[in-house]
Amino acid sequence: MLYWLQQLQVKRWRHRQTNPETTSNTADDFLPTLKSPLGLVGEAAASASMPWTPLANMSIKHPLIEIQNSVHSLRKRTSQDLSQSMFYSDTMPWTHREPKGTSSAASSSSGTPTKTPPPPLPLACPADQASSSCSRASPSPMEMWSGGAKTRSSSTMPLLRRNMTSTSSDRTSRLQQEKEMLMEEVKAQKELVWILHKALEAAQLEKRTCAEFLAEQDEQERLELLRHRERQAANLRGRLEDAKMEAETLRRSLADRDAQVGELQDNIRRLTEKNNAKQQVIVKLSDQVTSSLSDARQSSSSSAQALDPQSFKQLQQKIENLKDDIEAYKIQNKFLNSEIYQLTKLWRKSSEQEKSLMVKCAYLEAGNCQMESRYLGVLRKLQETKSLDPGQREAVQKMVEDALRGELNGVIELSSDTNHDKYGFKIIPDYEVEDMKLLAKIQALEIRSHNLLHQEGVEHPLLNRWAQYLAGRSDDDLCASPELKVLLRGGVPREYRQRVWRWVVRARTKTIRESHPQRYEQLCEKSRTSPHSVSRQIQLDLHRTLTTNQLFSSPSSPAIQQLRRILLAFSWQNPAIGYCQGLNRLAAIALLVLQSEEDAFWCLVAVVETIMPQDYYTKNLVASQADQRVLKDFLLEKLPRLSAHFEGHNIDVSLITFNWFLVVFVESLPSDILLPVWDAFLYEGTKVIFRYALALFKYKEDDILKIHDGVEIYQYLRFFTKTISDSRKLMSIAFNDMNPFPGRLLRNRRAQHLERLQGELCELEEQQKEFVVENTERKDKELDMTASEDDD
């Protein structure tokens, strides 16, 4: 082997020396010439004993050190028979197998598809020896193989003579062992050749890299080349790691698949065993049934033979009677089924008739309400007419008193509703003035008529939409979306309002609730131990909260005590505000709907601290005043005729609308309109208040334009919101007719007016300070003058 490698090196050197293109780089060659042993060529040189010397082209780099160690081990393993050659071992039929892992290792290290190393070609003799000596000394591959065979045969002849008496089986086993040893040796030799081939390729690649590096003139270019090689090496290492990770992943997946296959095989085995057991049971049962049937036939035949003719006739008669009974029951069953069917048809028909009658009754009741409302409206107009003589005026007054004394006995009592709605609000509010009482009755009739006509067509579809949206959702699954926004603008049914409000409140106060989970209990305890300075004002306002609601009508009502604890806890929650008139109404509405003291407290926190602008409920109410100026701007843009009408009669709408904004229409709108407004307000914010404020003016614009007296306009604006009965129409005006209504425009207008208002307040404070100083100086001077006059 060493001889053939030496000849390969010498031949390459001769080629490079005779080639003019490579003579300039001979000094850079990494395969210097090795001198062959003198007088030894061919088989003699290969079989001669000589100290092993490392190849001159071996580098100390990592791959070649491994090759050197492999050559050492293989030389020791093959020292028994160095004369055997491996270069033409491919002719043996049992040497076509490759070493395990050869192709995979080559492909993983180079990153490219590998081929089986080709058998080495016969190498020429050195050029300085004669051709005759070359032909004489260099044996052909076949001669080398035949010589080795002769040597082996000569060495084994005495052994064959000595073992002539042994059995043929022993000879066969020995030959088989020798064959296996030869195959292992050939395999080792092929592995060595492949390793050397790879080492040669690596050395050539290293040589080309070094040549490129030395060919570069500039140091920067050399460094760039080194960096490029480093990047290539890093890329190859990364690809190797990826390949290893992928292989590991594939091994895991294969193990999982094997486990699944094992489980499936176990299941198949168990199912097969179960199926076999069931088949055995079926066979046994079939045998038992067959035997029982045969026994029954035999017993029946034997019993028939044993019975006398008289008994046999009695049995036959009994069987006939039973058959007649069965037929009779069948006929009776058919008759009963037909009766049930007819009764079901009658019941359905009567149910449909009852439903149609109820609808008809509702329409008649609505018509009656409308007629009575018109009648009361005519009486109100006649009452306001000044051209009537005293007799007519007295008759009209008597008719009004009769109408007020009747208390809608023919209308309200036709249904099961009481004088209060589902949340405890009075349907007919109380007014001290007689004309206000008449107006309240007209309003109740209109609302009743509207509900009777539209409840069936509106409530049920809305309820179905909310049921479909909330089906299968928990409170945590609800999230902000355009679909939820549209549903909230249409209003939440009473069945789902508590759940939806609780989700909105918790979403708006999530941060503070998570940081202080026991906040409300702590605040309640603090309010009990150390009373707040605003507790007296809270106690005074408790009995003025929602006076038209039956839950807050009694001083000893539990709702009053819950409201007191909520307001005291909030006074410690937000010391900058403490308490402001109007917070009691906000907390009361939250308590009515949420029906939980703690949830109502957090609803109040959400409204005051997250929904409403800052400084909305402080002492100077700066943000509230700024919103009134913003409303006037929107009124001028959206309703120019009405704005001009107010300007012409010097009407300041903020005197009416300030309370709307401060308490979000509480006690200004009927409950069936107020709560849908709050549904959208809690989700969208203060923009909803502006929409509904403009919608209220739009709803009654024609009626307001007919009034041309400033005092009457103020009186009308005080109560006109409670005369609105069509909540769907109001909602359509707020969210359709008032568009576009961008939130950015609202924020910009609010910031502008807030800045102006703060400047005006600063000027007012300066003027007050100057006035106080001037007033003090003037009083001092007057005192001096008085003292001087007394002296005189």
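So, which is the crossing of H18 and H19, left-handed or right-handed? Keep that one in your head for a minute, and I'll get to it once we've met the helices.

First, the overall picture. What we have here is a predicted model. The chain has 792 residues, and 32% of them count as buried. For secondary structure, we get 28 helices and zero strands. And here's something about how the chain comes together: take the contacts between residues at least 6 apart in sequence, and 75% of those join residues at least 24 apart.

Okay, back to the opening question. Helix H18 covers residues 583-594, and its axis comes within 8 Å of the axis of H19. The two cross at roughly 135°, so H18 and H19 are oblique to each other. And the answer is that their crossing is right-handed.

Who is touching whom there? On the H18 side you'll find Leu583, Leu586, Ala587, Ala590, Leu591 and Leu594. On the H19 side they meet Glu597, Asp599, Ala600, Cys603, Leu604, Val607 and Val608. If you sort that contact by class, you get eleven nonpolar residues, two charged ones and no polar ones.

Now stay with H19, which runs over residues 597-611, and look at helix H13, residues 494-508. Their axes are 9 Å apart, and the packing angle is about 55°. That makes H13 and H19 oblique to each other. H13 passes H19 in a left-handed crossing. From H13, the contact uses Arg502, Val505, Arg506 and Arg508. From H19, it uses Asp599, Trp602, Cys603, Ala606, Thr610 and Ile611. By class, this contact between H13 and H19 has five nonpolar residues, one polar and four charged.

There's another partner for H19, and that's H23. What is the angle at which the axes of H19 and H23 cross? It's roughly 55°, and those axes come within 11 Å of each other. That makes H19 oblique to H23. The H19 and H23 crossing is left-handed. Here Cys603, Val607 and Ile611 from H19 meet Trp678, Phe681 and Leu682 from H23. This contact is six nonpolar residues, with no polar and no charged ones.

Let's step off the helices and into the loops. Asn549 is in the loop between helix H16, 535-542, and helix H17, 558-573. Is Asn549 buried or exposed? Its relative accessibility is 1%, so Asn549 counts as buried. Leaving out residues up to four places away in sequence, Asn549 touches Tyr423, Gly424, Phe425 and Leu592. Take Leu592: it is 43 residues from Asn549 along the chain, yet the two C-alpha atoms are separated by 9.9 Å.

As background, most residues other than glycine have a negative phi, and most peptide bonds are trans.

With that in mind, look at Asp615, in the loop between H19 and helix H20, 622-638. Asp615 isn't a glycine, but its phi is positive, about 65°. With 35% relative accessibility, Asp615 counts as partly exposed.

Glu667 also has a positive phi of about 65° without being a glycine. You'll find Glu667 in the loop between helix H22, 654-663, and helix H23, 671-684. At 27% relative accessibility, Glu667 counts as partly exposed.

And last, where is the cis peptide bond that joins a residue to Pro740? It's between Asn739 and Pro740, with omega at about 0°. Pro740 sits in the loop between helix H27, 727-737, and helix H28, 743-791.

Definitions and conventions: Residues numbered from 1 in each chain as written. Predicted model: local features only at pLDDT ≥ 70, side-chain atom pairs only at ≥ 80, totals over all residues. Heavy atoms only, no water. Helix = DSSP H or I, 4+ residues; strand = E, 2+ residues; numbered from the N terminus. Buried < 20%, exposed > 50% of the residue type's maximum accessible area, 1.4 Å probe, protein only. Contact = heavy atoms within 4.5 Å. Axes fitted to C-alpha atoms, helices over the stretch in contact; angles between N-to-C directions. Parallel < 35°, antiparallel > 145°, perpendicular 65-115°, else oblique. Left-handed = near helix turned anticlockwise from the far one by under 90°. Nonpolar A, V, L, I, M, F, W, Y, C, P; charged D, E, K, R; others polar.
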